[in-house]
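Please read these notes with the model open beside you. They are numbered so that each point can be checked in turn.

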Amino acid sequence: MPWTQLHAQIHTLLKAKFLLPPDSSILMAVSGGQDSLCMAQLLMDLQPKWNWRLGLLHCDHGWRDDSSDNAAHVARLAQQWQLPFFLETAVDLVPTEAAARTWRYEKFADIAQTHGYAYVVTGHTATDRAETVLFNLLRGSGADGIQALSWQRPLGAEGLAGLVTRPLLAITRQQTGEFCQDRDLPIWQDASNDDWRYRRNRIRQELMPYLRSHFNPSVEATLAQTAEIFTAEVTYLENQAAQLHSDVVETSPGVCRIRRFPLREAPLALQRRVVRRVLQAVLDQQPSFDHIEKLVCLATAPNRSQTDPFPGGVIAYVDADWIKISKPPLVS
Ligand SMILES: Nc1ncnc2c1ncn2[C@@H]1O[C@H](COP(=O)(O)OP(=O)(O)OP(=O)(O)O)[C@@H](O)[C@H]1O
């Protein structure tokens with residue numbers, strides 16, 4: 001196996017960040033695309049140094065005409081590489097990217113838990129991270145969306161099903177492409193990557209090249225670095241918000257109460273985060289920015305103020321030192 005700069009970079013990074021400790025069990029999520037093939041090959045090459053137990057998982061969403069051929073292609077690779085192989089096939093999955101992602105991560109968690117893998121690795125790169133930053137920015141996301149794709153995060157409830165880890169986050173798609181070419185890895189070309197109905201593909205194929213040639217030739221690395229900076233800041237803010245939430249919010253059946261005085265004394269960034277947590281718990285949908293602002297305003301509003309109904313008929317109103325949030329009929 002030729003030891004390349006890329007091997008050295010990933011090996012050093014894994015050591016520095018302690019992402020995939022020696023002797024770990026690692027399930028590699030492989031779509032058949034260039035990034036996940038590059039990742040699988042790199043981890044197999046590094047395996048003797050780390051003594052990992054490796055397995056390979058493919059999820060067949062069942063949407064594309066070639067999806068079962070794609071799955072068979074990955075199965076053949078697993079056989080050739082002599083790795084345990086797991087195939088999950090969806091039945092009647094709604095053909096949206098969001099539904100696919102949710103289903104896929106559920107399967108990652110199931111297989112990891114059932115077969116004792118502590119880590120599920122994906123082939124996300126700095127390029128994916130940069131694209132996700134732009135995608136979320138254009139959707140009006142705050143800092144949480146800009147932190148886009150962390151190195152590691154819990155899989156399943158409270159991380160019981162292990163950790164999703166992204167060892168390629170520091171390298172670009174161009175690098176994974178060159179690696180696959182050098183090693184002659186058989187990339188499965190996913191035709192849906194060329195479908196311009198998907199906003200993500202237009203970002204990848206239209207916006208990023210434009211930014212690269214007209215604004216910044218290293219736009220991927222720069223935006224990935226922006227995500228890295230925001231990751232630390234969001235972690236800090238979330239910790240602060242969790243503390244404030246436990247100080248000011250009380251929940252009982254049918255009603256949630258927020259202490260107005262300490263809420264309005266807190267920095268606006270934390271007020272919004274606390275209120276978002278409250279709304280996430282009572283609404284059946286993700287709260288919008290307007291929903292959050294409406295509730296924050298009650299911290300300083302006169303007594304007896306009340307909001308218009310939120311989705312699902314949820315009402316918030318001021319009762320002396322408290323904001324009370326309840327679904328109708330009102331419970332005081
Ligand atoms: N169908 C799938 N089965 C298993 N893992 C998947 C699948 N689709 C995506 N993944 C994992 O999620 C990562 C990111 O997904 P994304 O959809 O951005 O990648 P892709 O373009 O399909 O393929 P690749 O990242 O391998 O080039 C992949 O690198 C892979 O690790």
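1. Ser31 and the ligand. In this predicted model, a polar side-chain atom of Ser31 lies 2.8 Å from an oxygen atom of the ligand.

2. Residues are numbered from 1 along each chain as its sequence is written, and side-chain values use heavy atoms, with hydrogens and water left out. Because the model is predicted, local features need pLDDT of at least 70 and side-chain atom pairs count only at pLDDT 80 or more, while totals for chains, interfaces and linings use all residues.

3. The shell around the ligand. There are 17 residues around the ligand, and Ala29, Ser31, Ser36, Cys59 and Gly123 come nearest; a residue is near a molecule or strand if one of its heavy atoms lies within 4 Å of it. The shell divides into 5 nonpolar, 10 polar and 2 charged residues. In this division Ala, Val, Leu, Ile, Met, Phe, Trp, Tyr, Cys and Pro are nonpolar, Asp, Glu, Lys and Arg are charged, and the others, Gly among them, are polar. Helix 2 (34-50), strand 2 (53-60) and helix 4 (97-115) each supply at least two residues of the shell. Helices (H or I, at least four residues) and strands (E, at least two) are DSSP runs, numbered from the N terminus.

4. The annotated binding site. An unreviewed UniProt entry places the feature "binding site" at Ser31, Gly32, Gly33, Gln34, Asp35 and Ser36. UniProt positions are given in the numbering used here, feature names are shortened, and annotations may be inferred rather than shown by experiment. Gly33 lies in the loop between strand 1 and helix 2. Is Gly33 buried or exposed? Gly33 counts as buried because its relative accessibility is 18%: buried means under 20% relative accessible area, exposed over 50%, and partly exposed in between (1.4 Å probe, protein chains only).

5. The annotated domain. The unreviewed UniProt entry also places "domain: tRNA(Ile)-lysidine synthase substrate-binding" at residues 262-311. This span is 56% helix and 0% strand, with its end C-alpha atoms 27 Å apart. Gln271 is found in helix 11 (residues 268-282) and counts as buried, at 9% relative accessibility. A polar atom of the Gln271 side chain lies 2.9 Å from the backbone oxygen of Ala266.

6. Cysteines. A disulfide is a covalent bond between the sulfur atoms of two cysteines. Here it is taken as a pair of cysteine sulfur atoms within 2.5 Å, and the count comes to 0. Cys59 is buried, with a relative accessible area of 9%, and Cys256 is buried at 6%.

7. Positive phi values. Asp23 has phi near 70°, a positive value in a residue other than glycine. Asp23 lies in the loop between helix 1 (5-17) and strand 1 (25-29) and is exposed, at 52% relative accessibility. Asp184 has phi near 60°, again positive in a residue other than glycine. Asp184 sits in the loop between helix 7 (173-183) and helix 8 (199-214), and its relative accessible area of 67% makes it exposed.

8. The chain as a whole. The protein chain has 12 helices and 10 strands. Of its 332 residues, 47% count as buried. Its C-alpha trace spans about 70 × 45 × 40 Å along the principal axes. Ser141, in the loop between helix 5 (126-138) and helix 6 (143-146), is partly exposed at 22% relative accessibility.

Conventions: Polar contact = N/O pair within 3.5 Å; in protein donor to acceptor, adjacent residues only side chain to side chain.
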